[in-house]
Amino acid sequence: MRSIQILSSLLAFTFFLCTAVFSQEEKSLADEVDILYAQWGEECESVKFSSNSYDYYKQPSFQEIIQKGIKVIPVLMRKVEKNNNLGGLCIMQGIEDILDMKFVSKGPIHYLGSDDLLYWWETERFEIEDRFNELYGQWIALDKEEKFKKPFTFDWKKEYADEFARMNEALKRHHELPEEQRDKENVDINKYLVEYKKAMNRWREMPEGPEKERLRPYNRTTYQRLLDFGIPALPFAIQKINQGDYDLFEAVMLWTDSALPEFAAEKQQDWGSNSIAKKVDLLNQWWEANQKQYTLPGKYVIDPALIKAMSK
């Protein structure tokens, strides 16, 4: 009993100490973000007539905020809580980029707003493990070909990438025009998406059934929905890999970009030529060294080694 009381006291003290340090670091980060956020507001004046949120998102000061990574998310969410405006939409896009995840509308209309982002922050992010495991159960039941199907919209954007590139270039040129000229001229996007619209019409004419449903715009295949979880699902995917499901390596690689090959290189190893067993070992080493960098704020975790040491 005495050892349990000591352990509880030590854990409480450790929690208080770490929380105090974190709060001080968070305040410093918040002050820095406040300055950049104000600068971003000034930069947005140059595109204030644009209806394209990406024109605001790509401004230098906002990009500098996003480059701070996962630790900046709580600071940004406090701004969303205070003001649900265009900033909220850009913050949603920023969080998608930071976490390599995708917010998907739950309704029949493909629209997401600040309220969806707040709901994710306050509720859904704490349900990721259960939701991931539920969808994973559906995914592993699929045959190999079906497991890795990309959504048709992905194929469309890839197939008609040249059209989209020409359209985006035209929109960019339009935004760069003097304000008076821009008000007089419009960009007819229809002339840039001729083949894309033909593909849409072909889809509309398809008979109802499973194939048409798979090809539905904004529809997500099971694999894409799994990828939509992004970095928050990393610990659960790594757990499955350690249990023998090596198909999830692709998802982990997508979420972490080149982090694993770079980690292997630091260990003087070539990631690509390693055996599966060695890759699992390297993955676990990498996760042990980097999990704080890839973990969403909001859960206090005590190192198991510390608990073991204090329980003696």
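## Charges and rings in a predicted model

D97, D100, D257, E262 and E266 together make up a negative surface patch. Keep in mind that this is a predicted model. With a relative accessible area of 58%, D257 is exposed, and a residue has to be over 30% to join a patch at all.

Now for the charges that do find a partner. Side chains of opposite charge can pair when their charged atoms come close. Searching the whole structure turns up 7 salt bridges. Here are three of them:

| Salt bridge | N to O distance |
|---|---|
| K27 and D31 | 3.3 Å |
| D34 and K79 | 2.7 Å |
| K144 and D247 | 2.8 Å |

Let's start with K27 and D31, whose side chains meet in a salt bridge. Both residues belong to helix α1 (residues 2-43), where they are 4 residues apart, or about one turn of the helix. K27 counts as exposed at 53% relative accessibility, while D31, at 39%, counts as partly exposed.

Next up is the bridge between D34 and K79, with the closest N and O atoms 2.7 Å apart. D34 is in helix α1 and K79 is in helix α4 (residues 73-82), so this pair ties together parts that are 45 residues apart in sequence. How covered are the two ends? D34 has a relative accessible area of 39%, which makes it partly exposed. K79 comes in at 18%, so it is buried, the cut-off for that being under 20%.

Then there's K144 with D247, meeting at 2.8 Å, N to O. K144 is found in helix α8 (residues 144-147) and D247 in the loop between α15 (234-242) and α16, so the bridge ties together parts that are 103 residues apart in sequence. K144 counts as exposed, at 53% relative accessibility, and D247 as partly exposed, at 23%.

On to the aromatic side chains. A pair of aromatic rings is described by the distance of the centres and the angle of the planes. The count here comes to 16 aromatic pairs. Take W120 and W121: their ring centres are 6.0 Å apart and their planes are at 45°, so the pair is tilted. W120 and W121 are both buried. Elsewhere, ring pairs link up F132, Y136, W139, F148, Y223, F229 and F236 as a cluster.

Terms used:
Residues numbered from 1 in each chain as written. Predicted model: local features only at pLDDT ≥ 70, side-chain atom pairs only at ≥ 80, totals over all residues. Heavy atoms only, no water. Patch = residues over 30% accessible without salt bridge, like charges linked within 9 Å, V, L, I, M, F, W, Y side chains within 5 Å. Areas by Shrake-Rupley, 256 points an atom, 1.4 Å probe, with all protein chains shown as cover. Salt bridge = Lys/Arg side-chain N within 4 Å of Asp/Glu carboxyl O. Lys, Arg positive; Asp, Glu negative; His and termini not counted. Charge placed at Lys NZ, Arg CZ, Asp CG, Glu CD. Buried < 20%, exposed > 50% of the residue type's maximum accessible area, 1.4 Å probe, protein only. Phe/Tyr/Trp six-rings, centres within 6.5 Å; stacked < 30°, edge-to-face > 60°. Helix = DSSP H or I, 4+ residues; strand = E, 2+ residues; numbered from the N terminus.
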